[in-house]
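Hello,

Here is the structure I promised to pass on to you. Please have a look at it first, and then read my notes below.

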Amino acid sequence: MREYTPDEDRLWQRKLRAQFPIITGHPELAYLDSAATAQKPQAVLDAVQTYLTTTNANAGRGTYPWANKTTELVERARRRVKEFLGDPDAEHSSVHFTSGTTEGLRTVARDWLVPQLADGDEILVPFSDHRANLEPWQEARRLLAARGVDVHLRALPYQETSGDYDHRALAEAVGPRTRFVAATHVHHVYGGDMNVHRLRAAVGPRVPICLDAAQSVGHLPVDVGDPALDVDFVVFSGHKAMALPGTGAVWARNTRGPVLAPAGWAGTPNTVGVVSLLAALDWLDAAGVDRVARHAVRLATRLTDRLRLLDVYEILGCGASLAAGSPLAEGQRRQGIVTFRHRDIPSDDLGFILFSHGFMVRADSLCQAGADEKDGVVRVSLHVHNTEEEIDRLLAVLESLA
Ligand SMILES: Cc1ncc(COP(=O)(O)O)c(C=O)c1O
């Protein structure tokens, strides 16, 4: 990717920020919760309005022009998801629309994995990531247990030093009965890229890998055409990638094991959501996802660099625990998510205090598997509409609380 001067970047960012009506309409507020759901640019709102006022019909049913156009839009969105993930011409891959990552992971678990597992098989799953990427595999295990099939869930090993997966321990954990690995691309609490480009080498060529890409698609480039990212499923939420709520997709490579075929009659698809996803991916491509990611990382670095100087704050994840001498620099690993807690102020109180200054952050236990209420944290998650000035204002408030 070409380098831009700071002035070019500032101009680019200002132009993009101006395209979010909810942001420009509330200059007194700063939205710092894009990991929960992303705001929508005008192009997405326009696509939804245009579709509903000119074309709205059911997809795959009917022969009149609105119905045909709707079917065509859904198919175009399917192709668009493939292109967006770096897989424009793959012969075998497929895209299935869902309501989000949670439903997508459940679809892979229930409709693809369960029918293939036998007594004594093992699957490796993340026990410290989002619960959406643990519960579907636990449910699969329970479903099979009810049929007398005993499948073991083993923990995907983590590195204590850097917080990403321990690829060496992973290679050792994969055995002849390992049938599946579920992993996460970017951790929703720790904010780090989990180094998934090393997963295939660790897991070996045989075992399918499913990637929870809820915090990566729409935030940073995800390229399944990269041989190092030889994963079998990419599951994401459209609403975190600037499309409407209730949208998401599963991309399936379909080369290890059977083709993903969601069970049963799917009913009417969320056509308006799919249309919004098509527009959102177009918008993100035009903006340049790699440039968007670099902007978010720059802001996250600005925040962590100064927050780290304040003893009362503990920054979670790679910022705090990256081992000295690690070949991975902080700036490379951390994406646009910074999670922290204050030594004396409970996180929900800190959330209220920050909102009284106009900052919308997430303040709770962030749906992390195994976490409970007392594990409350504050998460700042950044996107292209956020500015250095917002970060500096936030830091001024956080510094005043130190
Ligand atoms: C890493 C991760 N996985 C899964 C999910 C669940 O996404 P959704 O609620 O859109 O199904 C989230 C949502 O925050 C997430 O951050």
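Before the sheets, one convention: two strands pair if DSSP finds at least two bridges between them. Helices (H or I, at least four residues) and strands (E, at least two) are DSSP runs, numbered from the N terminus. This is a predicted model, in which local features need pLDDT of at least 70 and side-chain atom pairs count only at pLDDT 80 or more, while totals for chains, interfaces and linings use all residues. Residues are numbered from 1 along each chain as its sequence is written.

S12 and strand S13 (residues 377-381) are joined in the antiparallel sense over 3 bridges, and Ala-363 stands opposite Val-378 in S13. They belong to an open sheet of 4 strands with antiparallel pairing, in the order S9-S10-S13-S12. Its edge strands, S9 (313-315) and S12 (362-364), each pair on one side only. On average, neighbouring strands here are turned by 25 degrees against each other, direction ignored. For this and the other angles, axes are lines fitted to C-alpha atoms, for helices over the stretch in contact, and angles run from 0 to 180 degrees between N-to-C directions.

Two helices lie across this sheet. Helix H10 (residues 289-307) lies across S9, strand S10 (337-342) and S13, and runs at about 25 degrees to S10. Helix H13 (residues 347-356) lies across S10, S12 and S13, at about 155 degrees to S12.

**The sheet of 7 strands**

The order in this open sheet is S2-S8-S7-S6-S5-S3-S4, and the pairing is mixed. Strands S2 (94-98) and S4 (152-155) stand at the edges with a single partner strand each, so one side of each has no neighbour in the sheet.

Within it, strand S6 (residues 209-212) and strand S7 (residues 233-237) run parallel and are joined by 3 bridges; Asp-212 has Val-235 of S7 as its bridge partner. Helix H6 (residues 135-146) packs on the sheet, where it touches strand S3 (122-125), S4 and strand S5 (178-184), and its direction makes about 155 degrees with that of S4. Contact here means that the C-beta atoms of two residues, placed from the backbone, lie within 7 Å.

S3 and S4 pair in the parallel sense over 4 bridges, with Val-125 opposite Ala-155 in S4. Both faces of S3 are covered: Glu-122 and Leu-124 on one side, and Ile-123 and Val-125 on the other, are all buried. A residue is buried if 20 or more other C-beta atoms lie within 10 Å of its own, exposed if 12 or fewer, and partly exposed in between, with C-beta atoms placed from the backbone.

How many residues of helix H5 (residues 101-113) are buried? The count is 10 of its 13 residues, among them Arg-106 and Trp-112. Their cover includes S2, H6, S5, S6, S7 and strand S8 (248-252).

Helix H3 (residues 42-54) and helix H9 (residues 271-287) pack at an angle of about 145 degrees, with their axes 8 Å apart. H3 contributes Ala-43, Val-44, Ala-47, Val-48, Tyr-51 and Leu-52 to the contact, and H9 contributes Val-272, Val-275, Ser-276, Ala-279, Ala-280 and Trp-283. By class, that contact has 11 nonpolar, 1 polar and no charged residues (Ala, Val, Leu, Ile, Met, Phe, Trp, Tyr, Cys and Pro count as nonpolar, Asp, Glu, Lys and Arg as charged, and the others, Gly among them, as polar).

**Loop residues to look at**

Ala-118, in the loop between H5 and S3, is exposed, with 11 other C-beta atoms within 10 Å. Its C-alpha atom is separated by 7.4 Å from that of Asp-150, 32 residues apart along the chain.

Asn-195 lies in the loop between S5 and helix H8 (199-203); its phi is near 60 degrees, a positive value in a residue other than glycine. Asn-195 counts as buried because it has 20 C-beta neighbours inside 10 Å.

**The chain as a whole**

There are 14 helices and 13 strands in the chain. Of its 402 residues, 45% count as buried.

Best wishes
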